[in-house]
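Please view the sequence and the model together before reading on.

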Amino acid sequence: MTVQEKSWKEIPPAGICWKPSTEYLTGDWKTYKPIMDSEKCTRCTLCVIFCPDGAIHWNPGKEDIEFDYDFCKGCGICANECPTKAIEMKLE
Amino acid sequence: MFSEWKFTAKDIAEKADLFMSGHRACAGCAAATVMRLVLKAVRGPIIATSATGCMEVVSSIYPYTSWATPWIHTAFENVAANASGIEAALKILKKKGRIKQQRIDVIAFAGDGGTYDIGIQALSGAVERGHDFLYVLYDNEAYMNTGIQRSGGTPHGASTTTSPAGTVIPGKVQYKKPIADIMVAHDMPYVATASPHYWRDLITKARKGIEVDGPAFLHTFAPCPRGWRSDPSKSIEISRIAVETCIFPLWEAINGEYQLSAPSKVIALRPERKKPVREYLKMQGRFRHLFTPKFEKIIDEIQQLTDKRWQRLLKKCGIV
């Protein structure tokens, strides 16, 4: 991810971090990818709560959960904690 | 003293993360879950501060920051001193009318190294001065980001790089320091222990810690797949089994009065639900050597110590 960024004259002084980490995609770390079975899922949102990376979102408009594979590191906590075993980890 | 705050899982799921995605914690890091959950409990604007440690390193790799809130990084030893400075500054700015916000809460985050060992004098001093802040300890039981060195929070028998299990010693020889009890002894208004599997309990306790006038201390349990040599997908499960085996019982002490929290109270009332420590130990590679004939007696030692501390806690809570 090393690209030519702003020069030292343009960045904020004192080493202040000035970019949100949401611009740094950690999704390519994963080996296994969580796949949700919509029929088994009860929308309890436990996976949204437990995900260490905030990579699972609850969409109130659609009343559904959405995976954000840009940030999912494939740890498998969601699949392990799912009460109905609706999430399966598949080799990417 | 505390407001009635009722919330559902969906309320929490909908609330925006103050600890954003894209941080570089290892896959399956429960400390990251703890950070997200604690920051879901805020009631308004906050200023956060972190001691050096895993969660500081992973969240602020230049030029990226994972904090969607004002945040200050400080050295390993002085996060509590930093939090007291922020709180004092806010107080005087409010008095002079320089800030409009009614109330800004201060939250300090530190790992077990920054609390048990290096940060304890700053913490003790800040609590003694009575500053109004919440101190969150995410306890992953060793110095994880520098390469798994033992700390005051590492339990007996755990193999780390500076207490390696081998032919001579069975992992760490000493015992885990009861830090939350030390904090209760400071006569502070609010001390609690929490585990991420019991997320509702954790969020409620974090909110209580923020609401209370004066210092509050929240000891959270944070399994670390790298350092504990455990399966990344089992991190949250381990945090449940730690409670069920009474290795990490959940309680809160309001003005020094201990009371058990629901998940541990169930075990206190029905002792047959208490699981043997063996179940907790076998999930982690750092205790692998205990399952060999040479070190098997250490498991009994750990069981005895756990039972002793559990009985002592029950007495403090007025049960038995």
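Leaving aside residues up to four places away in sequence, Lys205(B) touches Tyr190(B), Ala192(B), Thr193(B), Ala194(B), Leu218(B), Leu250(B), Trp251(B), Glu252(B) and Ser261(B), where contact means heavy atoms within 4.5 Å. The structure is a predicted model, in which local features need pLDDT of at least 70, side-chain atom pairs count only at pLDDT 80 or more, and totals for chains, interfaces and linings use all residues. Residues are numbered from 1 along each chain as its sequence is written, chains are lettered from A and ligands numbered from 1 in the order in which they are written, and side-chain values use heavy atoms, with hydrogens and water left out.

Lys205(B) belongs to helix H8 of chain B; helices (H or I, at least four residues) and strands (E, at least two) are DSSP runs, numbered from the N terminus. With a relative accessibility of 2%, Lys205(B) counts as buried. Buried means under 20% relative accessible area, exposed means over 50%, and partly exposed lies in between (1.4 Å probe, protein chains only). The side chain of Lys205(B) also makes a polar contact with the side chain of Ser261(B), at 2.8 Å. A polar contact is a pair of N or O atoms within 3.5 Å; within protein, one must be able to donate a hydrogen and the other to accept it, and residues adjacent in sequence count only if both atoms are side-chain atoms.

His197(B) is placed in the loop between strand E6 (190-194) and helix H8 (199-211) of chain B. This histidine, His197(B), is buried, with a relative accessible area of 18%. Not counting residues up to four places away in sequence, His197(B) touches Phe50(A) and Glu81(A), as well as Ile236(B), Ser239(B) and Arg240(B).

**Helix H10 of chain B**

How many of the 10 residues of helix H10 (residues 235-244) of chain B are buried? Nine of them are, so the helix is largely enclosed by the rest of the structure. Among the buried residues of H10(B) are Ile236(B), Glu237(B), Ile238(B), Ala242(B) and Val243(B). H10(B) is followed by Cys246(B), whose phi is positive, near 70 degrees.

**Helices H4 and H6 of chain B**

The axes of helix H4 (residues 79-95) and helix H6 (residues 120-129), both of chain B, come within 7 Å and cross at roughly 30 degrees. That makes H4(B) roughly parallel to H6(B). Axes are lines fitted to C-alpha atoms, for helices over the stretch in contact, and angles run from 0 to 180 degrees between N-to-C directions; angles under 35 degrees count as roughly parallel, over 145 as roughly antiparallel, 65 to 115 as roughly perpendicular and the rest as oblique.

From H4(B), Ala80(B), Ala81(B) and Ser84(B) meet Ala122(B), Leu123(B), Ala126(B) and Arg129(B) of H6(B). Ser84(B) is buried at 3% relative accessibility, and its side chain makes a polar contact with that of Arg129(B) at 3.1 Å.

**Nonpolar cores**

A nonpolar core is a set of buried Ala, Val, Leu, Ile, Met, Phe, Trp, Tyr and Cys residues joined through side-chain atoms within 4.5 Å. Which members of the largest core, with its 69 residues, touch the most other members? They are Met55(B), Ile107(B), Phe109(B), Trp199(B) and Tyr280(B). Helix H2 (residues 30-40) of chain B gives the largest share of this core, seven residues. Phe109(B) touches residues that include Met35(B), Val38(B), Leu39(B), Trp67(B) and Val136(B).

**Loop residues and backbone features**

| Residue | Relative accessibility | Class |
|---|---|---|
| Pro164(B) | 45% | partly exposed |
| Lys85(A) | 47% | partly exposed |
| Arg229(B) | 44% | partly exposed |

Pro164(B) lies in the loop between strand E5 (134-139) and helix H7 (179-184) of chain B. Lys85(A) is found between helix H2 (77-81) and strand E5 (87-91) of chain A, and its phi is positive, near 55 degrees. Arg229(B) sits in the loop between helix H9 (225-228) and H10 of chain B; phi of Arg229(B) is likewise positive, near 55 degrees. Finally, a cis peptide bond joins Tyr62(B) and Pro63(B), with omega about 0 degrees.
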